[in-house]
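Reader: Please take one part of this model and go through it closely. I would like the cut-offs stated along with the values.

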Amino acid sequence: MIQEVARTFDLLTKLEERFPDKQDMLCRRSGKDWIKFSVKDYVRNSHLIAYALTSLGYGNGDKAITICNNRPEWNFVDMGLNMAGMVHVPVYPTLSADEYLYIFNHSDARIIFLGTQSQYKKLEPIIAKMDSPARIILMDDSDNILCIRELYRIGEASEEKMRPLIEKIKAGTDTDSLASIIYTSGTTGTPKGVMLSHHNMMFNAYGHALKQTVGPDQKMLSFLPLCHIYERSMNYEYQYIGISIYYAESLGTIARDLADCHADGFCSVPRVLEMMYSKLEAAGKNLKGVKRIIYNLAWNFANNYDNYHKGRFYNWRRNLYDRLVYSRWRENLGGHEMLIVSGGSSIQARIIRLFNAARLHIFEGYGMTETSPVIAVNNPAGGINVIGTVGTPLEGTTLKFAKDGEILTKGPHVMLGYYKNPDATKEVIDSEGFMHTGDIGHLVDGKYLKITDRKKEIFKLSLGKYVAPQVIENMLKESPFIQNCIVIGENQKFASAIIVPDFERLHFWAAKHGVNYTDNKELITDPKVLAKIHSVVEEVNSKTSPHENIKRERLVCDEWTTANNMLSQTLKLKRAKIMSRYAGIVNDIYK
């Protein structure tokens, strides 16, 4: 495995060599237009930031935090920091005040880059409470706060003096030097700072770049937070290949932005794809007559689509439905076939099948922040997409399984450790250098990794039997009537579930079946609704072992989000928080 890029800023050198005239390397929305930055802009702005920061006295391992939505300036700062010998600490823009203050102090941040004036107003009082308050630099233009526009000016003024120093720092930066600290959002406990080296991130980005089919003449839309290593690593991959990156304005504008830039793909998490799936399904409900019949035929075919079915009649049906239905979906998303990578948690097979049938090809992968992040991924370049698995491990890495089925991995993708926490590091990286992922899995056909559950989430019933909740939760969420759910029952006689219905679907069903209600609270107490959800639970029970059966379920009206702290920043269930919130319901179930 020959890797051409060893440090993050080596990407700039490769871009200059291979794509010096590329005009839309990094792009962001401004109203109806796209503001485009060329390769030359990217290289120049990044160096100016490095010159400016060094002239201001920063460098040699100093920590700098970024808090902003995805934008080209994030990349300029990312590269500028590393060229100046500094450590980049990207942070989510949606944390609580206590979480911010903890990370600000724990990271020893000397600079905090903020995206907008509104973020400044929100965070400046918290920054003022730091043990050693950091300097604030704004990414947006400002006349009264130090901003990136002013950094460019400082960089230009100090360029002649600082250029030799920056080149010396770059030349002396070892590939195993600390490049970034990423604080895990976590589902429990205090965030831990994952230390990643240049080699960690570049090895990983190059490893999945080998499996990419999108090329330098194409575009990818980016909307997952760059502060998470998943989207960040994909952005590094795009830069390595020379793919243009277009940043969506927000999660709410994904479809519009895909259409406007005519993207060739994106990376996602299952929840986003679930919402897109639901909208496509809902579109068919508004049709009538022959159009509805055709849509339903195409829908049912796509939900059961098999990538590897080579029959002539089968392919004819797919092409027919493509002309009549699937091509319309693509037109609404920009008109191109797409390559979509899904990660963060498992995705329902029917969603992958449907998108694949529509030539919106989903390839599922798996990883964690501590592994930079990708451990395994299905292979577009090799035409390998084994649904129900996360593909094969990255080249140059090792995978094995503990006696209890826990996935262990070793290689250049494994983190340096947790910042200021050697004890926690020893808990997850053993004496042989294997990272203990906390996930349970096995190989399908001896080579494709399948994840079955989180080790810490598996619980034991009072009868001594074990239950893997995530498997059952994913089966329940396959129903269009269930938006989210949690399976519970630790130390109890039986398993139960707390369920958040998909109220949009439930409202439609209620109207069709004559259910009268004034609000959602009343709706979820209606006997017909309870019977409908119970039938979904019973269908899942028919597919599980008797001790895994859901004996009791309760419906709740709340939407589980990051805002109400029911989900982590990567949209995973915060089980302890959910259990605490619904303690009364849990007590009622098991009283």
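Author: A residue is called buried when its relative accessible area is under 20%, exposed when it is over 50%, and partly exposed in between, with a 1.4 Å probe and protein chains only. Helices (H or I, at least four residues) and strands (E, at least two) are DSSP runs, numbered from the N terminus. The model is predicted, so local features need pLDDT of at least 70 and side-chain atom pairs count only at pLDDT 80 or more, whereas totals for chains, interfaces and linings use all residues. Residues are numbered from 1 along each chain as its sequence is written, and side-chain values use heavy atoms, with hydrogens and water left out.

In α4, which covers residues 97-106, the residues Tyr100, Ile103, Phe104 and His106 are buried. These buried residues pack against β3, β5 (109-114), α5 (117-127) and β7 (178-183), where contact means heavy atoms within 4.5 Å. Just after α4, Asp108 has a positive phi of about 60 degrees. Most residues other than glycine have a negative phi.

Strand β3, one of the elements packed against α4, spans residues 63-67 and runs parallel to β4, with four bridges joining the two. Two strands are taken to pair if DSSP finds at least two bridges between them. Lys63 has Val87 as its bridge partner in β4. Between β3 and β4 the chain passes through helix α3 (residues 72-83), giving a right-handed β-α-β crossover. Right-handed here means that, with the strands pointing away from the viewer, the path from the first strand over the helix to the second runs clockwise.

Strand β4 (residues 87-90) is covered on both faces: Val87 and Val89 are buried on one side, and His88 and Pro90 are buried on the other. In a regular strand the side chains alternate between the two faces of the sheet.

Apart from neighbours within four places in sequence, Leu53 is in contact with Tyr58, Leu81, Met86, Ile111, Phe113, Ile137 and Leu151.

For the protein chain as a whole, there are 20 helices and 25 strands. Of its 591 residues, 55% are buried. The radius of gyration is 25 Å, which agrees with the value near 25 Å for a compact globule of 591 residues; the radius is taken over C-alpha atoms, and the globule rule is 2.2 Å times the number of residues to the power 0.38. The C-alpha trace spans about 75 × 55 × 50 Å along its principal axes. Of the contacts between residues at least 6 apart in sequence, 66% join residues at least 24 apart.

Two further positive phi values lie in loops. His262, with phi near 55 degrees, sits between α9 (254-261) and β11 (265-268), and counts as partly exposed because its relative accessibility is 38%. Asn565, with phi near 70 degrees, lies in the loop between β25 (550-555) and α19 (575-581).
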